[in-house]
Amino acid sequence: MTLSDGYPTETIIGLEVHVQLRTQTKLFCSCSTRFGAPPNTQVCPVCLGLPGALPVMNEHAIDLAIRAGLAIDCSIPPMTKWDRKQYFYPDLPKGYQISQFDLPICADGFLDITNEAEPETPRRIGIIRAHLEEDAGKSMHDEAAGRNDSRIDLNRCGTPLLEIVSHPDLRSAKEAKEYLSELKLRMTHLGVSDCEMQEGSLRVDANVNLHIDVDGKKIATPIAEIKNMNSFRAVEHAIEHEVDRQYDVWEETGKTIKDEAKTTRGWDDTKGKTFLQREKEESADYRYFPDPDLLPIRIPQDRVDEAKANLGELPAELCQRLQTQYGIKLYDANVIVNQGRELIEYFETAATKSGDGKRTSSWIQQDVMRTLNENQLGIEDFAVSAAQLGDLLERVSRGDLDNARARDVFSHLLKTDHSVEDAIKSLGIESVDSGDIEVLCRELLDANPQVIDDVKSGKQQAVGALIGQAKKKNANANPKQVRETLLQLIAQS
Amino acid sequence: MLDSAQEVLQLQSRGEATAVEITTSAIDRIDATQESINAFTHVDRELALSTAEAVDKKRRNAEPLGPLAGVPVAVKDVLCTRDMPTTCSSNMLRNFRPPYDASVVEKLREADAIIIGKTNMDEFAMGASTETSAFGNTRNPWDLSRTPGGSSGGATACVAAGTVPLSLGTDTGGSIRQPAGFCGVTGLKPTYGRVSRYGLVAFASSLDQVGPIGWSVQDVALLLQSIAGYEPRDSTSLNHAVPDYQSALQSSDLRGMKIGVLREALDVDGVDEAVRQAVLSSIDVFRQAGAEIIEVSLPHSKYWVPTYYVIAPSEASSNLSRYDGAHYGHRATTLDPEKAESLGPLVATYCQSRAEGFGAEVKRRIMVGTYALSEGYADQYYNQALKARRLIKGDYDAAFSQVDLLLGPVSPTPAFPLGEKVDDPLQMYLCDLFTVGANLAGIPAISLPAGKDAQGLPLAIQLQAPALEETRLLFAGAAYQATTDFHKLRPDTFGS
């Protein structure tokens with residue numbers, strides 16, 4: 001990219017993403033991981049770090065980490081282990097975090113990202129590693145009323161996290177967002193994580209700097225790590241802002257990566273600015289060493305193979321299949337896949353029954369998803385089953401129902417437990433003979449001769465008024481058929 | 001005096017004494033000796049008596065009784081008890097009451113033992129004399145001017161003083177065996193992983209192990225039987241069936257057994273002549289019982305102490321990070337205003353709480369361990385020590401391919417005078433010369449009374465066995481005690 005009136009500049013971004021694994025219990029004890037419980041109610045001697053308590057590893061977290069690793073094409077080494085990362089903080093009750101240092105559970109993967117403009121040319125983003133660790137608690141600093149006290153909630157303490165570290169392969173804020181969207185899609189699709197940024201089950205730290213090309217010489221700006229962004233949009237904005245800021249600072253001071261250690265910056269969403277949090281990344285010495293309370297973990301190849309076999313289709317493969325199998329467009333396939341497994345299944349069942357993928361896709365994206373959003377429902381609680389929708393749309397495709405009548409049936413199905421057949425009956429819908437339509441149209445034209453003149457003088461839309469009247473006289477009259485018949489009769493007159 | 005758990009059990013089953021009577025007698029004895037010995041940090045008469053009453057009631061109702069029914073047992077104050085303080089003899093945990101029981105404490109309760117109180121120790125089990133305790137040192141019942149050893153000095157002194165027949169200690173580098181030797185009682189450090197560490201306040205997690213203390217091998221076997229076994233809450237617990245230890249004690253015929261004598265242990269400088277003689281005469285005892293004696297060498301034994309004093313403090317520096325004053329334990333209340341200003345209130349609270357809460361030896365080890373794990377130094381110290389540990393284990397493997405047991409001293413000298421070494425950490429660390437090998441290798445070892453020196457101080461020998469061969473230790477130990485009376489020697493009465 002080139003900033004206006006500036007030197008050509010390349011943005012270098014690496015992301016560290018923490019995803020909270022979807023286990024029922026914590027990483028080293030049996031406390032619940034449920035979000036939103038009253039403070040310090042989901043704790044025990046182990047996650048409180050009480051003297052004498054010992055960690056016991058949660059096997060399900062290992063399974064989910066393997067699954068996540070396979071989804072981003074990582075290798076799963078045969079041996080991994082736990083290390084203690086040591087630092088003092090009140091929300092870290094043991095004074096160390098159980099993490100993984102030199103032998104992470106997942107290593108050396110990648111994620112292909114695409115952008116909407118060029119869907120056919122994906123970019124490959126390298127992934128250095130993904131390792132398991134326990135989450136810390138939450139500190140709430142209450143500076144109100146001059147009290148200046150801090151409260152600590154340890155419910156989150158010990159919740160399993162997978163930290164996924166990318167190579168600095170991302171080249172723009174937009175790419176960072178695409179990477180995150182694809183990562184989230186895979187993790188949610190595979191049931192590895194909920195990836196809710198608002199609840200903290202997905203957290204992003206972005207390492208950003210610039211390579212500025214000054215007359216063929218590459219100059220790197222000091223690296224900043226940006227923290228506390230709480231949405232993908234915030235990540236995008238923060239990086240965009242940081243790119244401009246680093247360029248300006250460089251122009252002003254000339255400082256390069258050699259002059260300044262990595263700094264940590266926060267993101268202020270309301271001001272739309274990053275701000276300095278820690279001046280110099282103090283060469284923090286975490287004094288990692290293997291946790292003597294936990295045994296190394298051996299992961300035999302057959303466990304990895306089994307996980308691979310159970311992985312199922314990844315979102316990209318699924319998109320491809322939906323396009324070829326149901327004849328829908330990439331965009332539509334993406335929308336459906338993004339909604340998650342349940343909706344994908346719903347779509348496939350309905351499309352198979354209706355025999356018309358395109359129509360099914362469009363109904364799901366409009367009628368179904370709108371209703372779900374309005375009522376804050378998930379597809380699993382939706383009143384119209386996939387089979388019913390397929391049945392309904394099959395009738396539309398056959399020409400038994402027009403879209404308007406189909407929507408009436410759909411609304412009826414939402415309110416009752418009728419079958420499609422019964423709904424059609426109770427709405428009094430029946431197909432109207434074309435002879436009856438012709439009779440109806442003649443009556444209308446006889447009563448409204450000026451419409452004939454209007455149409456003949458080129459105002460075709462004049463028939464619209466008669467279509468409305470036809471509907472009133474016979475609710476089952478197909479408007480399209482009425483229109484065609486009217487125009488035919490006028491032309492013949 | 002209550003000095004045999006077997007006898008205590010028999011008195012009750014014969015109806016000659018109730019648990020309440022036995023418990024009362026134990027507590028009376030504690031009351032009489034506490035001032036002179038200071039073996040206990042906490043005794044709860046009411047609680048002990050109510051447990052004893054419950055045991056008596058069970059017996060009256062002919063309900064099933066546990067294997068330690070009505071036997072008073074003392075517990076080292078490093079093991080969590082939900083109904084008593086757990087202080088680790090530290091000001092840091094002076095008022096700490098855990099909300100849960102250690103696994104071994106649960107097992108004592110299930111066995112219907114009477115948990116009589118908590119015993120004094122070196123602060124956080126760091127020391128070899130019980131002099132680093134924040135509650136004052138314990139004295140040796142054989143000579144009140146001398147240390148009982150440590151860190152389980154309270155746990156061995158309380159048995160030697162005749163207050164309880166059994167106690168639980170912990171052994172990270174010799175902390176059961178050395179004080180057992182100093183106090184003339186029998187103490188066993190089990191295989192690492194044989195007894196659950198859940199609820200044992202960690203000093204050095206890869207070395208710590210809970211073990212039994214009593215006068216005789218029989219009593220030690222009885223207590224081991226109740227506490228040994230796999231426990232899923234400790235990931236390092238070994239999933240192996242627990243043998244019937246009592247059945248190992250039926251014979252004293254050692255024919256076919258090969259016992260290796262450690263050449264290095266007898267040649268090394270600084271070993272007291274009486275200690276050497278005790279080991280040499282024990283060789284005759286074992287030979288007469290039918291064992292074959294072979295001289296063996298553990299070539300890396302000179303690296304035991306240096307290796308131990310890197311690994312143990314490294315783990316300790318991490319394990320003790322949790323005592324920061326934020327959640328429990330001691331918190332500095334009035335901050336030094338200068339420090340609060342320069343460090344900020346949070347870091348100042350950490351620094352001052354830890355400065356006030358920990359004693360000198362604990363601080364020394366935290367500093368050594370922090371240094372050994374630091375970036376740039378870990379390869380020279382911690383990682384190097386891990387390599388040495390592997391070589392040390394290899395020595396044991398080679399030795400145990402030739403012999404069934406290893407015989408040697410427990411510590412270089414008998415009990416030393418109080419105050420002699422407390423200001424000289426290196427001299428104190430050399431007390432561990434012969435004991436830390438078993439911890440580094442994770443193998444079981446036992447300390448057996450082996451007579452008295454010219455000053456009347458107890459002498460001891462140590463047997464070591466391959467991992468999970470506690471039975472072999474107990475078998476040979478029982479054979480030794482079948483032909484010697486050293487475990488029946490008692491200190492002269494004192495106190496009241």
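The legends below describe close-up views of a predicted model. Local features need pLDDT of at least 70 and side-chain atom pairs count only at pLDDT 80 or more, whereas totals for chains, interfaces and linings use all residues. Residues are numbered from 1 along each chain as its sequence is written, and chains are lettered from A in the order in which they are written.

View 1. Strands here are DSSP runs of E of at least two residues, and helices runs of H or I of at least four; two strands pair if DSSP finds at least two bridges between them. β12(A) pairs with strand β10 (residues 202-214) of chain A in the antiparallel sense over 3 bridges, with A:Ala224 as the bridge partner of A:Val208. With strand β13 (residues 263-268) of chain A, β12(A) pairs in the parallel sense over 4 bridges, and A:Glu225 has A:Thr264 as its bridge partner.

**View 2. The contact between chains A and B.** Taking residues as in contact if their C-beta atoms, placed from the backbone, lie within 7 Å, the contact draws 24 residues from chain A and 33 residues from chain B.

**View 3. Surroundings of B:Leu463.** Not counting residues up to four places away in sequence, B:Leu463 touches residues including B:Leu405, B:Ala445, B:Leu473 and B:Gly477.

Technical notes:
Two residues are in contact if their C-beta atoms, placed from the backbone, lie within 7 Å.
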